[in-house]
Amino acid sequence: MLSNKKLFLFDIDGTVCQGERLIDGTMQFLEDIRQSGGQFVFITNNSTKSIQDYILKFQKLGIKTDYSNFITASYATIHYLKKNYDDKLIYVMGTKSLIRELKKSGIRVTTDCEDPEIACVLVAYDNELTYEKLTDTCKILSTRDVGYVATNPDLVCPIEFGFVPDCGAMCQMIEHAVKKKPYFIGKPEPGMVDMSVAQNHFTKDETLVIGDRLYTDILSGINAGVETALVLTGEATRKDAEDSSYKPDYIFPTVRELHEAWK
């Protein structure tokens, strides 16, 4: 039940933010979580920003956060790459911010598709995408036997006017060209939920995943064995939820109504 929840795992885009705008009711909800002795963590598949970038973003929105408030797809990707490609060279199709974060974490990266040491291709949601980047990525995957991973399977990213293509859609473009699919690291895999629970002092029964997508946010909670709440401010509609095999435990129009039900 909602009343016993202490650890709230929020998606960002379409759940608490639409582009650079904070969704109404979010700030008070986060403040009340803190006041009650709980914790909130943003678990996002958006890899265009580093955790430091997100801290600055929320600061501009009037919300104080630190590193403990974020588990991002890029953070989970770093853990995956260190485990599976330690010290190997990774070709990255992603933003400058993602590349900086990977380098800062000790991952060897390149954007030179001709580098003979490339062991794996990493594709991420890239709002700095160029056709040259797509071509270079396809060249590697077409001509070499290397690993192929992607940060997240989201097809679209909600912004102020609607939606733009996300990492999953970019991977579909690449798939049509090279006939290969990546291994997706972010949600709906349970890793970010499990990391969040492990880093805090609450049980899975006290944890709630909140998001706007059924096939990533809600399914990640289901896969991790925690309750989930769908908000209707992003991709999924109530009918989508009714028709889906990924059933959220709760559905609310916005985080404001979820907050009221929890209080």
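Lysine 139 is partly exposed at 41% relative accessibility, a class that lies between buried (under 20% relative accessible area) and exposed (over 50%), with a 1.4 Å probe and protein chains only. Its side chain meets that of glutamate 114 in a salt bridge of 2.5 Å, N to O; the term denotes a side-chain nitrogen of Lys or Arg within 4 Å of a carboxyl oxygen of Asp or Glu. This pair links distant parts of the chain, 25 residues apart: lysine 139 belongs to helix H5 (residues 131–143), and glutamate 114 to the loop between strand E7 (108–110) and strand E8 (118–123). Helices (H or I, at least four residues) and strands (E, at least two) are DSSP runs, numbered from the N terminus. Glutamate 114 is also partly exposed, at 47% relative accessibility.

The model is predicted: local features need pLDDT of at least 70 and side-chain atom pairs count only at pLDDT 80 or more, whereas totals for chains, interfaces and linings use all residues. Residues are numbered from 1 along each chain as its sequence is written, and side-chain values use heavy atoms, with hydrogens and water left out.

**Salt bridges**

Across the whole structure, 14 salt bridges are found. Three of them are tabulated here.

| Salt bridge | Distance, N to O |
|---|---|
| Lysine 139 and glutamate 114 | 2.5 Å |
| Aspartate 194 and lysine 204 | 3.1 Å |
| Lysine 57 and glutamate 20 | 3.3 Å |

The bridge of lysine 57 and glutamate 20 spans 37 residues, from helix H2 (residues 51–60) to the loop between strand E2 (17–18) and strand E3 (21–22). Lysine 57 is buried, with a relative accessible area of 7%, whereas glutamate 20 is partly exposed at 48%.

Aspartate 194 is partly exposed, with a relative accessible area of 31%, and lysine 204 is partly exposed at 33%. Elsewhere, salt bridges that share partners join Asp154, Asp166, Arg213 and Glu235 into one network.

**Cavity**

One cavity of 30 Å³ or more is found in the whole structure. On a 1 Å grid over the protein atoms alone, a cavity is a set of points where a 1.4 Å probe fits but cannot get out, and lining residues have an atom within 4 Å of a point. The largest cavity has a volume of about 50 Å³.

**Aromatic pairs**

There are 13 aromatic pairs, defined by rings of Phe, Tyr and Trp (its six-membered ring) with centres within 6.5 Å; planes under 30 degrees apart count as stacked, over 60 as edge-to-face and the rest as tilted. Phenylalanine 10 and phenylalanine 42 form a tilted pair, 6.1 Å centre to centre with 45° between the planes. Phenylalanine 10 lies in strand E1 (residues 7–10) and phenylalanine 42 in strand E4 (residues 39–44), 32 residues apart. Both residues are buried, and both belong to one aromatic cluster that also includes Tyr54 and Trp262.

**Cysteines**

The count of disulfides, pairs of cysteine sulfur atoms within 2.5 Å, is zero. For cysteine 113, the nearest cysteine sulfur is that of cysteine 138, 11 Å away. Cysteine 171 has the sulfur of cysteine 167 as its nearest, 4.0 Å away. Cysteine 171 is buried, with a relative accessible area of 2%.

Notes: 1 Å grid on protein atoms, 1.4 Å probe; cavity = no way out; pocket = protein on both sides within 12 Å on 5 of 7 lines; lining within 4 Å. Points joined across faces, edges and corners; volume = space filled by probe spheres on them.
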